[in-house]
Amino acid sequence: MTGVIERTLQRAAAEVGLFRRVLFRTLASAVRGRRPRGETLKQMYQIGNRSLLFVCVTLGFIGMVLVFQTCLQVNRITGDLSQVGGEFIKILVHEFGPSLCAMMLATRVGAGIAAEVGSMVVTEQVDALRMNNVDPIDYLIVPRFVASLAMTGVLATIGVAVALGMGALTAWQSFHLNPVVFFDFSRVRGGDLITGGLKCLAYGGAIPIVAGFCGLSARGGSEGVGNATTRAVISASFVVILLDFLISGLALFTWQAGT
Amino acid sequence: VPAIRPIPSARAAFQTRISARGSHTRLFGKLLLGVELSSFLHSFADNLKPWDLGIGLIKASVFGLSIAITSCHFGVNVKGGAVGVGRAVNDAVVSAAVAIMISDNLLTMLLR
């Protein structure tokens, strides 16, 4: 019994140690620019361009559903749909756009990073890197970190635009709301834009670190890779939700974004 | 200290603005925005109809079906060892998410 507890605690301590190492080594190496040449651009293509269609499709449908449901509710209460557009744009910029885009990226990019790194771990390619005195975190995680940091904001911006367009189309087709009335940007303030940008940066940094940690802690054969990928998706989504809550609270109490 | 000081004033400003304009983020409830818990719970009872529960259950079973079908498709057709498993998991996650979004949209339009 005590042996089981001891082994569990040891494993937990090793996991915490690995996570701390991944986190600090990634941040330090990203600042110092220790990463393989050309790899960041390749990862930006993998994370950004390859996710573009996925983000556009999902955020487009989310925008349609959100506007449809909001119009249904408003119709039931007041029947005045002229405010829907302005409020939808505001909440999309400071809350739904970055967060839903990051949730989608946490599934796609997080699963991709964990699968790639995890399969390199179980096929002993990471050990080969260590043999050649190359830190696997510098070589594998840092380019993905920098690329994700840059591309999350771009993808969130495009996603917000797509969700807005699809939402306006839904309101126009289903509820005969004029798009001129729908596109009311007057309620978006600087604080909302700052909150959205901050969230993009936080998510973009968190997803590759969490997914890379899950990939590096993969054990066993192909089953271990599958487990690591599942863990990466769950942890990355959870971290996105947690950061969303923290940054929203911070923004609410400091520059009153969202009011 | 300077970072903490804006908090009470911000909270006061937020509370007055919200109570004047109606609830915006309801789940903060009494704690933050001054909405009574009882009126919050009563609004559930007033606005929920049995059909809402039906919609939720239908959507949940359709999503469960689509997750199972897409994931099994990619799992059965996996090739090439650990790398292939990783790629299959990635594809399964992506297609399940897209399937959920599309079916959610269709069901929302169909069922209201």
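Predicted model: local features only at pLDDT ≥ 70, side-chain atom pairs only at ≥ 80, totals over all residues.

Me: OK. How many helices and strands does chain B have?

Reply: Chain B has five helices and zero strands. Along the sequence the pattern reads α-α-α-α-α.

Me: And what share of chain B counts as buried?

Reply: 28% of its 112 residues.

Me: What about contacts in chain B between residues 24 or more positions apart?

Reply: Among contacts with a separation of 6 or more, such residues account for 48%.

Me: Switching topic. How many salt bridges are there over all chains?

Reply: The count comes to 12. One of them is in chain A, between the side chains of R187(A) and E87(A), at 2.9 Å from N to O.

Me: Where do R187(A) and E87(A) lie?

Reply: R187(A) is in the loop between α6 (179-182) and α7 (190-216) of chain A, while E87(A) is in helix α3 (residues 84-122), so the pair ties together parts 100 residues apart in sequence.

Me: How accessible is each of R187(A) and E87(A)?

Reply: R187(A) has 23% relative accessibility and counts as partly exposed. E87(A) is also partly exposed, with a relative accessible area of 23%. The cut-off for buried is under 20%, so neither residue counts as buried.

Me: Which residue does K90(A) pair with?

Reply: Its side chain meets that of D192(A) in a salt bridge, 2.8 Å from N to O. K90(A) lies in helix α3 of chain A and D192(A) in helix α7, so this pair ties together parts that are 102 residues apart in sequence.

Me: Are K90(A) and D192(A) buried or exposed?

Reply: Both K90(A) and D192(A) are buried.

Me: What does K199(A) meet in a salt bridge?

Reply: The side chain of D244(A), at 2.9 Å from N to O. D244(A) is in helix α8 (residues 222-254) of chain A and K199(A) is in helix α7, 45 residues apart, and the pair links distant parts of the chain.

Me: Buried or exposed, for D244(A) and K199(A)?

Reply: D244(A) and K199(A) are both buried.

Me: Last one: which residues are joined into one network by salt bridges that share partners?

Reply: R21(A), R25(A), D135(A) and D138(A).

Methods
Residues numbered from 1 in each chain as written. Chains lettered and ligands numbered in written order. Heavy atoms only, no water. Helix = DSSP H or I, 4+ residues; strand = E, 2+ residues; numbered from the N terminus. Buried < 20%, exposed > 50% of the residue type's maximum accessible area, 1.4 Å probe, protein only. Contact = heavy atoms within 4.5 Å. Salt bridge = Lys/Arg side-chain N within 4 Å of Asp/Glu carboxyl O.
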